[in-house]
Structures are given as C-alpha cells and as structure tokens.
Amino acid sequence: MILVGGVLLLALLLPGLPLGEWRAFVLDTAQFAFLISGLALAWDLLARTGQLSLAHGAFFGLGAYSAALLAPGLGTLPALLLGGAVAALFSLLLGLSTLRLQGMYFAIATLAFSEVIRTLVLKAQFTGGSIGLPVQPAFAGAYPLGGYYLAVAVLAICAMVSLLLGRSRLHYAMAATRQGEAVARVLGVSVVRVKLLAFMISAFLAGLAGGVYAMKTLFLTPYDAFGLGRAVEALVIPIFGGLYTTAGPLLGGLIVVSLETWLRLRIGEGYLVVYGLILILTILFLPKGLMGLLARRKGGRHA
Amino acid sequence: MKKVLVLWVLLLAGLALAQTTVRVGVLLPISTVAGKAALNGVQLGVEQVNAGGKVKIELVVVDDGNTPATAVPALTKLMTVDRVDIVIGGLASGVTFALSGPVKQYQPLFLCIGAASSVVEQAFSDYGRFFHYHPWDYHNVAAALEFFKYLYENGARRVAILYEDGPFGSAGIQTYRAQLQNQGYTVQAEPFKTGSGNFTAILTRFKAFRPDILYWIGYDVDALPIAAQTRQVGLEPKLIYGAPPAWPVGFEKNRLSNDVAGMTAWLPSVANNESRRFVNLYRRKFGEVTDEYMAPMGYVIALSLGRAVEAASSADKDRIATELAKVQMDTPFGPLSFKPSDTGRTRFQGFNQSIWLQFQYLEGSRRPVFPANRAARPLRYPGNY
C-alpha cells in the first residue's frame, strides 16, 4: 500500500521535479509506462480468478478506437469512459460464451476473439480500416500535461481498483475460483458470475488505458492497437513483477519499460537480445516475480 | 621547420573555422531490414560529406522501435536532450503520423525517408520544414499501373490479385482493382493471411479464372510458398508479379524465383554513375552489396543535406531548409529536386513515380525490365512457371 502510494505520488510530482533537459523525454516515457502498467494491473485482476487472457490487447484496442471516434463529439473524459465501457461490453459478450472454459482453452478463445476484432476493425470503413485513424490529442491539445495526468489517473484508478478488490469479499471468491472451481462452488461461490465480473472490470480498465494511449500516439492502426505483442506484454509484466498483487504489476511495468528504454539508449542495436535474456533469467530465478523476492527478504529478516 | 609547423596549424585552424558543424538526429527502426539499410546509407553519405571537409555532420542515432510508443519519446529525447535541429527518419507511415504532433511542437527540419501513405501527407500539410524524399502512395500506384498498361498491350487480359489482409496489402486494393478494370482487365481478388504458408486453396480457385497475371501483395515470407504452390496446382499464369516491401534474402538463388517480377526504386545493377559510385562505396564500407533501396535513399538524404549545409554556410535550420529546397543533384535513383507534392499539400517533395522500375528474377539476379529506357533485359513474357 505504501509502495503503491509512493509510486503514485512520485508520478504526480514528476513534472515538477528538476529533471533538466531530460524532463520532456522522461515524461513521455513515463506516460507510456503508466499506461502499460495500468494494462498489466487490469490483466492481473482477471488472472486472480485463474483465467489466462490473451484478449487484453483487443480490449486495449477497443478502448483506443472507441475513445478516438467519440472524443471529437463528446470530449475527452466522456469518450475515455465510454471507451472503457465498450471494452467491458465486449468482455461481457465474450465472457458469457467462454468463461466456462478453463486454462489453455480459455486462452485460445480469447486469442481468437482478438483476431476477430482486429479483422472487423481492419475491414470497417468508419475505423479508417487498414489506412488507420487519426486521433485528436487529449482535451484537443489545450493542456500540455493533460495527456500525462490522464495516464497518471488511469494508473491510479487501476491501482485503486486492484487494492480495493484485494480487500473485498470478491478477493476470496476469486482466490477460491483460482484454486479449484469445484471447491469454490461447494463453498457457495458463483464461479461464472465472479469470473464475469472480474473480466468486465479488467476489460474496462484495459479500455481506459487504450483510450489515453490513442490520445498520445494520435494515430491508430489495427495492427498497433490490437497487436498480440500488447497482450503478451500485459501478461509478462505481472509475471515479472509478481502475480495477484497490486505492487507487482505496477512496479513490474515501470521497471520493464524503463529497462527497455535504458537498454535501447545504451546498447542500440541488439538491445532486444539483452532485454529478452534479463526477462528469461528473472522468470527462471524469480518464479514469484519481484514481489516474491521482496517477500523472501522480509521473511529472511523476520527469521 | 617552425614556420612550416605554424603554417600547418594556421591552415588547420582556418579549415576548422570554415567548416560548418551540424548535429543531426536519426530516428529509424534499426532492428528491421529496411531500417538498418537506411541507417547504413545515411552513415555512408555522412562519411562522404565529412570527407569533403567543408561540412561536418554529427549523427545521433535512436531506434524508433517501429512503434509510436517508442518513437514519440525517442523524438522528444533527440529534440530536448540531444538538442538536434534536424531529424532524418519517418520510415513507417503509422509511426511517422504519430510523430507529426511532436515534430510540430519542436519544429525541427524533418527529412522524411519513407512514409508513403497519403495520410502522412495530410498530417504534415501545414508544416513548412517537412522534406519528403520517398514517392507518395499514389506515385507507387501510378508506376505499377504503367507496367500493367504495357502488359495489356502485350495481350494480358485477366489479373488475379492475391493480397494480404493487413494494412499493407489491403490499403490500396479497391483503387488497384478499379484502375485495372479501367485499363480493360478482368480482375479477381482474394485476401490471404501473411505468413500462413498455404495458398493452394486460393490458387486452385484462381485456376478456373485462368489469369494471365498473378499479382500478389504481401510480405517476403509469402514469396516462396506462392512461387512453389502456383506450380504445384498448375495455375500457369503468364507472369507472377509481386509487391512486397522487401524480398526474401537469397530468393534469387532459389530456382523458383526465376521469371518472378516485382517493383523497386533501385537495384545495384542500375546503370548510372551515382548508382555505381554508391555501390562501390557501400561495398568498401560494409563488405557487401545491398538490394534494399532504403540504403541509397538514406545516402541521398545525407548528401543533399551536406550540400544544403555547405550552401547555407550555417547550422541554422531555416537557412539550411532554404538551400535544401534549391538542391538539384544526380542520385542513384535519377535527378533529385524538390517541388510541391502532386496534391499541393506539402511543399517539398523529392522523388515521384519516375524512380520506380520493374524487375524480373532472371538467372539468379534481379534485372530491370521496365520501363524500356531503364531496362537491362527484355521482360520474359510469358514466363515459365
């Protein structure tokens, strides 16, 4: 909780810090890092029910396209909220038909869903199809830091929802579902309802992050917005940081994006090899992620 | 002895004073084949400019990651941390569009190497420091249609189009279909998923149509399966014409490539002095010859910038832009000068459809076959597939 609060406070104060000539670069990088961390937090919420989703790239893209199309008429904030709502609605439809599936079967269904959505957006005229869709900046560009604070807000909302769920009764229902659906049912948990609720909340947050992303990049193509790479990023970060926690995906996202950026600047060509190696080693030697390492240290000190 | 030394020092000091130094940001997807080729070309060109002694270009190279999420902060870093006034970049259209906002915010002289989409032309329409070297997408369509007109005159009537269902393949498909029909062709078009490797079902469907030309718009990974499976199903078109952004490495060594035709802006075998000079310099520096036209494109950008800086005798971006607008030079692609784009949206457009040429894989290498004034060999039509 303190760690999460500290990170969010730092994110709020970052534009005021004396960063010198690096200020604009750090703020740009941080903005994307907050959005990716938000997406990772959203993915982790569903993972707490034991479901492995590959549809979060699609929810991110649905939020991005919806916000981009609605913003000129409705304004930035309503467009972002509706973008999240559209993603949640699609998750409801997907969930109703697939949430009885488990493990790999559910993952395959969500992957197929991503492909279907990408193809629909690719073929539709109103989305700009394969040519792409220009997007207006947040608040029509009236506030230079508007997009940045929106990204901070998305991160804060994702972190708050994650923390609150972790302290709610739903948390126990989700954990029970993850550990064994049959047992959860015996305990009186409405398994499908719990998974559906987690799926919708998770998709809403992913869509919200996608909307702010669109307003930063100013241009969307189906391959960028619905890329499988983003869905993979959404699951790699919580694994790197620590699954089923708030601080894990939050710190994981910030560290992974910072690490990638730093390696790109320092090494240049071939940085992806080093980046990949670091991720592999982390997953090999820290199966519970960074939070597992912190917990071990804490445990060690107590002992 | 002392006098000679003093004179030498004075000469060096004079040269240093006469030399104009500019710091240039390079923003390219250096992990991709085209991006790496473009970077090699830029570095080679800069080496030539610097060797001249009057201009010194210092490059700050940053990877744009081929995605807006990486490219936007990378451009911000170039402008605010590295403090460059000139940026060479913009290879992919989507990424370049995303850069249009930060470019307008920081106001660099932006020398755009690729980004053929008209959407990018629209995005930079009100930006006066935008120099676009690569032809626009409508130039590409015009060049391909010129070739199809020639084929029609040689008896071709039916075109089967096999296009990948992504942005690259499907962006211009309706335009292509309509324009080919206007030329008198009967057209049948089918989408495919790039990299799927299995085309037999679609190619078998095409058999009933008996196409004269099998025109595929996809990626390098699709080239070999299409060439192999066209033979396997017995489609027997008179020409296989491909339009990938890059051809597979070593494709020319595979006998299945024989007679396959395609379009490019440049080949190492292009017979002009600048092209030969570029090939020699490239071979000397990198120990190989490239087929990627982005390499000479990067080279041309660096050379033209060097000329503009020399003429401006200043590192001021506006004075350099003024001189760059006046540049007229021979390049591996042919003559370069800047004019307003055909739509009038941007003020400084370098090349147009005239740089495109059609080639055919013949006996293990790519040979220019069209237009006639740039052909090294006659087009083999009908080809043997």
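Reader: In a right-handed or a left-handed crossing, which way does H3(B) pass H4(B)?

Author: This is a predicted model, and in it H3(B) passes H4(B) in a right-handed crossing.

Reader: Why are H3(B) and H4(B) called roughly parallel?

Author: The two helices pack at an angle of about 30°, with their axes 9 Å apart. Angles under 35 degrees count as roughly parallel, and H3(B) and H4(B) are therefore described in that way.

Reader: Which residues of H3(B) and H4(B) meet?

Author: From H3(B) come B:Pro68, B:Ala71, B:Val72, B:Leu75, B:Thr76 and B:Met79. From H4(B) come B:Gly94, B:Val95, B:Ala98, B:Leu99, B:Pro102 and B:Tyr106. By class, this contact holds ten nonpolar residues, two polar ones and no charged ones.

Reader: What do H3(B) and H4(B) give to the side of chain B that touches chain A?

Author: Each of them gives two or more residues to that side, as do strand E2 (55-63) and helix H7 (167-170) of chain B. H3(B) gives the most, with seven residues.

Reader: How many residues of chain B are in contact with chain A, and what makes a pair of residues a contact?

Author: A pair counts when the C-beta atoms, placed from the backbone, lie within 7 Å. On that criterion, 25 residues of chain B are in contact with 23 residues of chain A. The side of chain B that touches chain A has twelve nonpolar, ten polar and three charged residues.

Reader: What values does the predictor give for the complex, and what is the mean pLDDT of chain B?

Author: The complex receives an ipTM of 0.80 and a pTM of 0.84. For chain B the mean pLDDT is 92, and 94% of its residues reach 70 or more.

Reader: Let us turn to chain A. Why are H7(A) and H9(A) called roughly perpendicular?

Author: The axes of helix H7 (residues 169-179) and helix H9 (residues 191-217) of chain A come within 10 Å and cross at roughly 110°. The range from 65 to 115 degrees counts as roughly perpendicular, and H7(A) and H9(A) therefore receive that description. H7(A) passes H9(A) in a left-handed crossing.

Reader: Which residues make the contact between H7(A) and H9(A)?

Author: H7(A) contributes A:Leu170, A:Ala173, A:Met174 and A:Thr177, while H9(A) contributes A:Val191, A:Val194, A:Lys195 and A:Ala198. Six residues of this contact are nonpolar, one is polar and one is charged.

Reader: What is noted about phi of A:Leu218, and where does this residue lie?

Author: Phi of A:Leu218 is near 65°, a positive value in a residue other than glycine. A:Leu218 lies in the loop between H9 and strand E2 (219-220) of chain A.

Reader: How do the axes of H12(B) and H13(B) cross, and in which hand does H12(B) pass H13(B)?

Author: The axes of helix H12 (residues 294-312) and helix H13 (residues 317-326) of chain B come within 8 Å and cross at roughly 115°. H12(B) passes H13(B) in a right-handed crossing.

Reader: Which residues of H12(B) and H13(B) meet?

Author: B:Ser304, B:Leu305, B:Ala308, B:Val309, B:Ala311 and B:Ala312 in H12(B) face B:Arg319, B:Ile320, B:Glu323 and B:Leu324 in H13(B) in this contact. Seven of the contact residues are nonpolar, one is polar and two are charged.

Reader: How is chain B divided into domains, and how far apart do their C-alpha centres lie?

Author: Domain 1 of chain B comprises 2-135 + 270-351, and domain 2 comprises 138-264 + 357-374. Their C-alpha centres lie 33 Å apart. Ten residues of domain 1 are in contact with eight residues of domain 2. The side of domain 1 that touches domain 2 has six nonpolar, one polar and three charged residues.

Reader: Which peptide bond is cis with omega of about 0°, and which with omega near 5°?

Author: The bond joining B:Phe370 and B:Pro371 is cis, with omega about 0°. The bond from B:Tyr381 to B:Pro382 is cis, with omega near 5°. B:Pro371 lies in the segment after strand E15 (365-370) of chain B, and B:Pro382 also lies in the segment after E15.

Methods:
Residues are numbered from 1 along each chain as its sequence is written. Chains are lettered from A and ligands numbered from 1 in the order in which they are written. This is a predicted model: local features need pLDDT of at least 70, side-chain atom pairs count only at pLDDT 80 or more; totals for chains, interfaces and linings use all residues. Domain bounds come from an automatic or database domain assignment. Two residues are in contact if their C-beta atoms, placed from the backbone, lie within 7 Å. Ala, Val, Leu, Ile, Met, Phe, Trp, Tyr, Cys and Pro count as nonpolar, Asp, Glu, Lys and Arg as charged, and the others, Gly among them, as polar. pLDDT is the predictor's confidence in each residue, from 0 to 100. Helices (H or I, at least four residues) and strands (E, at least two) are DSSP runs, numbered from the N terminus. Axes are lines fitted to C-alpha atoms, for helices over the stretch in contact, and angles run from 0 to 180 degrees between N-to-C directions. Angles under 35 degrees count as roughly parallel, over 145 as roughly antiparallel, 65 to 115 as roughly perpendicular and the rest as oblique. A crossing is left-handed if the near helix is turned anticlockwise from the far one by less than a right angle, and right-handed if clockwise.
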